[in-house]
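Welcome to my notebook. I opened the model with a few things to look up, and these are my entries.

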Amino acid sequence: MRTVVQRANDPYLYLWVRGEWYCYNPMEEPLGSGAMGDVYLGYRCRTGELVAVKRVKDFYANNRQIRERARQEASLTFRHPNLVEMVGYCEYAPDVGPIFILSHYVQGEDSDVYVRRFAQSPGRVDKICKVVAYVLDALAYVHSRGVVHRDVKPSNIMVENGTNVRLMDLGIARMNGGNKFSSFGFIGTPEYAAPEQLLRGQNGEEADINATTDIYALGLTFYELLTGKNPMACASEAETLTRQMKMKLPDSTAVPKRLMQVIWKATEKDQKKRYQTAQEFKRAIQEALQPELSLLQKIMNKLWN
């Protein structure tokens, strides 16, 4: 049975995924585009339900490791309110040709676009902290299932209808214990990549990719959402990588002091000095938002304790 069908005089491409037909129009403008592919609005033929169809770029589609990653992404059938749920995977043939990854459609905007809408709001910091807290809930869930995202960044965080937050794109996620393609060098987005991601595969290094890798990337994302910029981003990729290895995030008046301390800890170059779990990172944010104790309250606490 053919899994990809295009009929004469019909602009839609039909995809057979997990026992059902889905379709999308490849002539329409993509919902979004990235380094690995384009995402289109699609439909479940039986019900008309909206889905997102990611077509991996043909340049990458015949790469064995990338095909494996695509299959892995489609196989992550997680159910969590702060994750995008996958539908499945479709390909012309097992080894060559286009690859399609289908997920449930999420209507919203990227987190960096969302936060710009209230840049001057007095509640700006609290709103951004709430977004990050939701992402930490999603990370706690995937980490508990042995998965490291490896590409946390503003464009992979979707704010749905101005309320719910969803972490997207598990396409390069790594299962704990490694996988067939985990030793092929750097994978991720340099502007948000932890030092261990950059070291992996370099000069025989086997840096540990774990939950703290995602915590580093979210720490950088948190800083960018609060300040509007990522200091690691440079015109030269070599300079970006150098900064990731050596540069501490600069202090900023856009970040409350106690929250800045939290972000510095999350983005320590040494993995062992970071928060070790998403829950620990979330608790630190919550504590940083609490009113600071007065000197008298601190003395009283010491006396009682």
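How many nonpolar, polar and charged residues line the largest cavity? I found four nonpolar, three polar and three charged ones. For these classes, Ala, Val, Leu, Ile, Met, Phe, Trp, Tyr, Cys and Pro count as nonpolar, Asp, Glu, Lys and Arg as charged, and the others, Gly among them, as polar.

A note on the source: this is a predicted model, where local features need pLDDT of at least 70, side-chain atom pairs count only at pLDDT 80 or more, and totals for chains, interfaces and linings use all residues. I number residues from 1 along each chain as its sequence is written, and side-chain values use heavy atoms, with hydrogens and water left out.

**The cavity**

I looked for cavities of 30 Å³ or more and found one. Its volume is about 30 Å³. On a 1 Å grid over the protein atoms alone, a cavity is a set of points where a 1.4 Å probe fits but cannot get out, while a pocket is an open set with protein on both sides within 12 Å along at least five of seven lines; lining residues have an atom within 4 Å of a point. Points are joined across faces, edges and corners, and the volume is the space filled by probe spheres set on them. The cavity lining includes Arg-150, Tyr-192, Thr-213, Asp-214 and Ala-217. Helix α6 gives the most to this lining, with three residues. Helices here are DSSP runs (H or I, at least four residues), numbered from the N terminus.

**The second largest pocket**

Next I turned to the second largest pocket, with a volume of about 180 Å³. Among its lining residues I noted Asp-112, Arg-116, Arg-124, Ile-128, Leu-225 and Leu-226. The elements giving two or more residues to that lining are α3 (111-116), α4 (124-144) and α6 (211-227). By class, the pocket lining has five nonpolar, two polar and four charged residues.

**α4 against α6**

I then followed α4 and α6, which pack at an angle of about 165° with their axes 11 Å apart. Axes are lines fitted to C-alpha atoms, for helices over the stretch in contact, and angles run from 0 to 180 degrees between N-to-C directions. The two helices are therefore roughly antiparallel (over 145 degrees; under 35 would be roughly parallel). In the contact (heavy atoms within 4.5 Å) I found Arg-124, Ile-128 and Leu-136 of α4, and Leu-218, Phe-222 and Leu-225 of α6, among others. The contact residues divide into twelve nonpolar, one polar and two charged.

**α9 with both helices**

What does α6 meet in α9? Ile-215, Leu-218, Gly-219 and Phe-222 in α6 meet Ala-278, Phe-281 and Ile-285 in α9. This contact has six nonpolar, one polar and no charged residues. The axes of α6 and α9 (residues 278-289) come within 11 Å and cross at roughly 30°, so the two are roughly parallel.

I checked α4 with α9 too: they pack at about 160°, with axes 9 Å apart. That makes α4 roughly antiparallel to α9.

Last, I looked up Cys-234, in the loop between α6 and α7 (237-246). Not counting residues up to four places away in sequence, Cys-234 touches Glu-239, Thr-240 and Arg-243.

Technical notes: Angles under 35 degrees count as roughly parallel, over 145 as roughly antiparallel, 65 to 115 as roughly perpendicular and the rest as oblique.
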